[in-house]
Amino acid sequence: MDIKTFRAKSMQDALALVRRELGPEASVLHTRELHGGLLGRILFGRKYEVAASRNVNVPSRLLARLQEFPQGVESREQGARYVETSLSMQPALNSALDHHVAGQLNRLQEMIEKLCNQPAAMAKHELPETLFHVFTDMIEAEVDESIARSLIDQLRGESGIHVADPLLVKARIAQQLEDDIQVTGPITTSDDKCRLVALVGPTGVGKTTTIAKLAANYRLREKKRVGLITVDTYRVAAVEQLRTYADIIDLPMEVVSTPREMREAVARMQNLDLVLMDTAGRSPRDEIRIQELRLLLAEAEADDVLLVLSATTGTRSLAATAKKFAGVGTTSLILTKLDETTSLGHLVALMRECRLPISYLTDGQNVPDDIQVADRRQLAYLMLGLESQGVGR
């Protein structure tokens, strides 16, 4: 049996090879498209394979169906003419189909290339080299792309900026961000009034340890009269942990679980300079617990409500948590666990969305160390990932 295989870029070309080498009487035994699938077509192009033979006689499937004439064809002679006309049109139809499919594939390939090359290719095409590298540095620091672009665009709109100097560019962008950051400074106290400061937030962000750091600093370094109140009765370990700190620093401590106990505890501490309140961790999704916390804080008449958030949390969760806790009267933020994350760029979006000022930063477990008052310039450089590059030192 004499069977030959022919390959070409289109089915029409493959059939032409069959006719040229085996003659018009050759029978087609098998056809298939090579490199099937979108990816194969994009990488290798379209290609067809036809197996044919001069000796094998394959009955025509078209002739077997001549009894099934389309509407308007009433005899075998008309059916034969109909089939002949259809066959004569088939090459043109195949060519049109090939052209249409090729156009679709080209458009798909362009879309894939465009998606793969964003945002780097677009940014590099639009920006001078120095600005492009600063832009990519911000993206690597996890600054939101739209924010990074706005900072770059704002810089390009300024006059007198030498965009060829990367250190100058980075310092100017840090200054732009610094202007957007709000800070409160340290907790202030007065001799004639007790200041009550409550720390709230989700579980596991370090509220108890942060309170211990604040208490130790104000008692040992500022020489203030400090007291502790905890309403975190859901975790026995938390109460014992805070009591241990209170014993070491020699501070009065109250444990409360009801609004009435809260009023009584606050009244007993009115002679102090500063009272720090530790609250139980609340899930931002737990509306009932959030409302309970709001009622307790209302009974205490807290002067400040500091929302404690972990810097290791993603931007969306941070923003959602800040929004939920706004209902309890939050006045500022404490960002913890800065030492447990490799970048802080995602905090830029948080600053712009929740608009709460920042009071303190913590970067470790050591008491009374590993806490500092938030500084706008330092925060700007940390968020942009520029501190390690020596910018601004």
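Q: Which residues touch the most other members in the largest nonpolar core?
A: Met 138, Ile 173, Ile 229 and Met 262, out of 60 residues in that core. A nonpolar core here is a set of buried Ala, Val, Leu, Ile, Met, Phe, Trp, Tyr and Cys residues joined through side-chain atoms within 4.5 Å. Buried is under 20% relative accessible area, exposed over 50%, partly exposed in between, with a 1.4 Å probe and protein chains only. The model is predicted, so local features need pLDDT of at least 70 and side-chain atom pairs count only at pLDDT 80 or more, while totals for chains, interfaces and linings use all residues. Residues are numbered from 1 along each chain as its sequence is written, and side-chain values use heavy atoms, with hydrogens and water left out.

Q: What is Ile 173 in contact with, leaving aside neighbours within four places in sequence?
A: Val 134, Met 138, Leu 151, Ile 152, Leu 155 and Leu 384. Contact means heavy atoms within 4.5 Å. Another core, of 24 residues, lies apart from the largest one and includes Leu 214, Ala 216, Tyr 218 and Ile 334.

Q: Switching to strands: how many residues of S7 are buried?
A: Five of the five, residues 274–278, so S7 is largely enclosed by the rest of the structure. Leu 274, Leu 276 and Asp 278 point one way, and Val 275 and Met 277 the other. Strands (E, at least two residues) and helices (H or I, at least four) are DSSP runs, numbered from the N terminus.

Q: Which way does S4 run against S7, parallel or antiparallel?
A: Parallel, with five bridges joining S4 (residues 195–200) to S7. Ala 198 stands opposite Met 277. Strand S5 (residues 226–230) is also joined to S7 by five bridges and runs parallel, with Thr 230 partnered by Asp 278. Two strands pair if DSSP finds at least two bridges between them.

Q: And what is the strand order in the open sheet?
A: S1-S3-S2, with antiparallel pairing. S1 (3–8) and S2 (27–34) are at the edges with a single partner strand each, so one side of each has no neighbour in the sheet. S2 and S3 (residues 47–53) pair over seven bridges, and Arg 32 stands opposite Glu 49 in S3.

Q: Which helix lies across those strands?
A: H1 (residues 11–22) lies across S1, S2 and S3.

Conventions:
Axes are lines fitted to C-alpha atoms, for helices over the stretch in contact, and angles run from 0 to 180 degrees between N-to-C directions.
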